[in-house]
Amino acid sequence: MAEFKHKHIIALRDLSKEDIELLISTAENMREINGRDIKKVPTLRGKTIINLFYEASTRTRTSFEIAGKRLSADTVNITTASSSTTKGETLADTALNLLAMKPDIIVMRHSVSGAHYFLADKINCSIINAGDGAHEHPSQGLLDMLTMKDRFGRLDGLKVAIVGDITHSRVARSNIQGLTKLGSKVFLAGPPTMMPPGVEKLGDVTVCTTMNEALQDADVVMMLRIQQERQGKALMPNAREYSRYFGLNPANIKLARPNAMVMHPGPINRGVEMSSSMVDCDQSWILKQVENGVAVRMAMLYHVCGGELE
Amino acid sequence: MDLLIKNGRLIDPGQKIDDTLDILVQNGLIKEIGKGLAAPAGAETVDASGTYVVPGLIDMHVHLRDPGLEYKEDIVSGTKAAVAGGFTSICCMPNTKPVIDNKTVASYIINKAKAEGSCNVFPVGSITYGLSGDRMSEMGELKESGCVAVSDDGKPVNNSELMMRALQYAAGIGIMVISHAEEIELVGEGVMNEGFTSTELGLKGIPRVAEDIATSRETLLAEYTGAPIHIAHVSTKGSVRIIREAKGRGVRVTCETAPHYFTLTDDAVRGYNTNAKMNPPLREADDVASIKEGLKDGTIDAIATDHAPHHLDEKDVEFNVAMNGIIGLETSLSLSLGLVEEGVLTLNQLIEKMSSNPSNILGLNRGSLKVGAVADITLIDPKFEWIVEADKLSSKSKNSPWLGQKLKGGAAATIVGGKLVYKR
């Protein structure tokens with residue numbers, strides 16, 4: 001079995017194809033545990049995990065917490081509204097104080113891109129990125145890929161359309177990094193105000209001028225949340241017009257391959273980036289993504305601890 | 001103490017001299033230039049063989065942080081850093097606490113520099129009171145107190161009418177306006193150049209056009225009013241083009257760039273390196289090429305450092321939170337000598353951009369080795385190699401992107417007003 005040599009998981013950009021494949025295959029194995037009546041193994045017994053969330057999160061934080069508990073680790077959650085950008089203790093001081101309590105892993109979400117690299121230089125426990133600014137969200141990227149593998153049995157040669165605010169999306173960046181490393185093609189669509197410069201140079205990435213062009217023959221259609229709260233300024237007239245040009249609906253999904261997967265990292269703005277009927281349709285894999293999130297996070301925790309499967 | 005500087009290669013662009021000549025300094029002034037000068041009784045002889053003997057270097061853009069922010073730098077440490085970098089004169093920007101917008105603060109700086117500093121310090125007053133951007137400061141009094149220019153450096157004067165009136169008013173008084181050219185709405189919350197690197201790092205970008213628009217406005221205001229303007233820290237291809245065109249039409253515009261804009265690109269930010277965070281931000285390879293072209297063809301008149309000391313606590317933080325700016329006084333000459341090595345500039349042009357041009361732009365009456373001039377002289381050793389090490393820098397702050405790197409060439413000795421104030 002391949003070996004995972006990274007102490008931290010901060011970005012899929014830092015991982016090789018083999019690393020990503022290993023995490024996904026471990027996650028596939030972890031799923032068996034989640035299907036048991038007693039969903040717990042002793043793998044990480046005696047390990048302490050701190051979930052340090054500087055941004056609101058329900059899904060990701062809960063998923064990491066459950067993942068830790070199913071592996072028998074002791075998990076502690078810290079959710080704080082203020083980050084070090086506001087007055088108060090600096091991120092480094094907070095982390096050093098937590099470190100004094102000897103955690104094995106810190107799972108952190110932070111609003112500043114690159115905050116995890118800054119921390120990794122200062123502390124000696126493992127760090128897992130649960131989302132940093134507009135940079136990466138590696139656990140989301142991995143769970144998205146695991147879900148695609150469930151449907152297609154492979155992660156190469158897929159055409160994946162990602163639609164929405166690419167500039168502010170860490171989900172898009174992690175998916176681009178992971179999918180293109182594994183041999184799939186990514187097609188991006190969104191208003192030009194939400195398309196970051198040079199994004200096509202990140203891998204096998206095509207920037208489309210219209211949503212239809214991205215949807216054409218897609219195996220996977222991934223819709224991104226329009227994050228109004230992240231946008232300092234209006235990048236679009238309003239949700240109504242956005243929905244008209246970049247919303248997924250029963251008509252335009254027909255451009256994709258028959259039975260193409262519909263995905264969304266959540267939380268969904270129903271009626272904005274996708275119509276309600278698309279959220280709940282047979283092609284929707286959205287809840288499967290959430291389910292897979294636990295297994296993927298178990299795999300990440302397991303590998304940064306360098307443990308062995310029993 | 002009189003000085004005889006012997007056997008150096010004397011370069012003085014103003015007098016069109018480039019020859020092996022000796023200089024005799026008496027009573028703080030240049031007394032004589034010639035071959036084989038004999039040392040008068042009691043004079044100290046400095047052997048300058050292997051070095052370039054040039055008019056003292058002038059850095060027209062420095063943040064000394066004194067008064068008010070002495071934990072970053074002060075007049076003593078800042079001027080020590082200056083002379084170690086070969087500078088005999090520096091101009092300090094007004095974003096101190098309090099701001100240099102009145103006689104008291106200007107006088108404090110001039111007096112402290114005279115009493116405790118190692119080189120000449122010429123303060124730059126603010127264009128607007130307290131850098132507020134809403135009303136003009138008393139430029140007349142500032143000039144009388146010894147300020148050599150006015151600037152709101154750190155931010156632009158956003159109100160175009162106020163900027164136009166400031167240019168007209170300053171021209172009447174005879175004081176240069178230095179513009180920090182940026183369209184602040186376009187800068188927004190950006191923290192680095194907008195481009196592929198910002199996309200990959202997920203950092204908010206500052207588009208180059210934010211600088212270009214402001215540079216354009218400043219040249220148009222200068223053209224309309226007929227008043228002179230100096231554009232600080234030019235970093236973009238667009239700004240170089242706009243200034244070149246304006247000069248071609250006879251607009252009274254001058255400008256400077258900083259060593260980081262001709263040596264680094266935004267690639268230096270990778271790894272979220274806060275010592276590569278400054279404003280304007282590091283740009284891209286085609287901008288660096290344009291800056292070099294601008295230096296070569298004379299569009300860019302001066303090299304200034306924008307020396308911006310910050311405490312470790314202000315830099316050793318998450319990228320978005322880190323303060324803008326890097327120190328530059330002690331690395332500028334080495335990096336700029338690289339332009340000569342690369343063939344971008346002749347040695348003569350380099351000395352113009354680091355001495356006589358800044359002096360002429362601001363009317364400092366320095367930057368010359370003429371007989372009778374104040375003996376501000378820099379001896380440059382182009383050959384020695386050194387490593388930039390935090391604990392060997394004179395500046396209180398160590399925020400340099402070149403830490404740990406090997407540089408070539410620098411000041412062998414610095415003479416201010418006839419006094420040898422630095423020797424390597």
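**Figure 1. Helix 7 of chain B passes helix 8 of chain B in a right-handed crossing.** A crossing is called right-handed if the near helix is turned clockwise from the far one by less than a right angle, and left-handed if anticlockwise. The model is predicted, with local features shown only at pLDDT of at least 70 and side-chain atom pairs counted only at pLDDT 80 or more, whereas totals for chains, interfaces and linings use all residues. Residues are numbered from 1 along each chain as its sequence is written, while chains are lettered from A and ligands numbered from 1 in the order in which they are written. Helix 7 (residues 209-225) and helix 8 (residues 237-248) of chain B pack at an angle of about 15 degrees, and their axes are 8 Å apart. Helix 7 of chain B is therefore roughly parallel to helix 8 of chain B, as angles under 35 degrees count as roughly parallel, 65 to 115 as roughly perpendicular, over 145 as roughly antiparallel and the rest as oblique. Axes here are lines fitted to C-alpha atoms, for helices over the stretch in contact, with angles from 0 to 180 degrees between N-to-C directions. Helix 7 of chain B contributes B:Val209, B:Glu211, B:Asp212, B:Thr215, B:Ser216, B:Thr219 and B:Glu223 to the contact, and helix 8 of chain B contributes B:Gly238, B:Ser239, B:Ile242, B:Ile243 and B:Ala246. Two residues are in contact if their C-beta atoms, placed from the backbone, lie within 7 Å. By class, the residues of this contact between helix 7 and helix 8 of chain B are four nonpolar, five polar and three charged; Ala, Val, Leu, Ile, Met, Phe, Trp, Tyr, Cys and Pro count as nonpolar, Asp, Glu, Lys and Arg as charged, and the others, Gly among them, as polar.

**Figure 2. Helix 1 and helix 5 of chain A cross in a right-handed manner.** Helix 1 of chain A packs against helix 5 (residues 138-152) of chain A at an angle of about 65 degrees, and the axes of the two helices are 10 Å apart. Helix 1 of chain A is therefore roughly perpendicular to helix 5 of chain A. A:Leu23, A:Ile24 and A:Ala27 of helix 1 of chain A make the contact with A:Leu142, A:Met145, A:Leu146 and A:Lys149 of helix 5 of chain A. The residues of this contact of helix 1 with helix 5 of chain A are six nonpolar, no polar and one charged.

**Figure 3. Chain A is divided into domain 1 (12-136 + 293-304) and domain 2 (138-289).** These bounds come from an automatic or database domain assignment. The C-alpha centres of domain 1 and domain 2 of chain A lie 25 Å apart, and the contact takes 21 residues from domain 1 of chain A and 20 residues from domain 2 of chain A. On the side of domain 1 of chain A that touches domain 2 of chain A, two or more residues come from each of helix 1 (17-34), helix 2 (59-70), strand 4 (126-132) and helix 10 (286-304) of chain A. Helix 1 of chain A gives the most to that side, with five residues.

**Figure 4. In chain B, the domain assignment gives domain 1 (3-52 + 374-384 + 407-423) and domain 2 (56-362).** The C-alpha centres of these two domains of chain B lie 29 Å apart, and 19 residues of domain 1 of chain B are in contact with 21 residues of domain 2 of chain B. Strand 16 (377-387), strand 17 (406-416) and strand 18 (419-423) of chain B each give two or more residues to the side of domain 1 of chain B that touches domain 2 of chain B. Strand 17 of chain B gives the most to that side, with seven residues. Helices (H or I, at least four residues) and strands (E, at least two) are DSSP runs, numbered from the N terminus.

**Figure 5. A:Lys102 and B:Arg65 are shown in their loops.** A:Lys102, although not a glycine, has a positive phi of about 60 degrees, and this residue lies in the loop between helix 3 (91-99) and strand 3 (105-110) of chain A. A:Lys102 counts as exposed because it has 8 C-beta neighbours inside 10 Å. B:Arg65, also not a glycine, has a positive phi of about 65 degrees, and is found in the loop between strand 6 (57-62) and helix 1 (75-84) of chain B. B:Arg65 is buried, with 27 other C-beta atoms within 10 Å. A residue is buried if 20 or more other C-beta atoms, placed from the backbone, lie within 10 Å of its own, exposed if 12 or fewer, and partly exposed in between.
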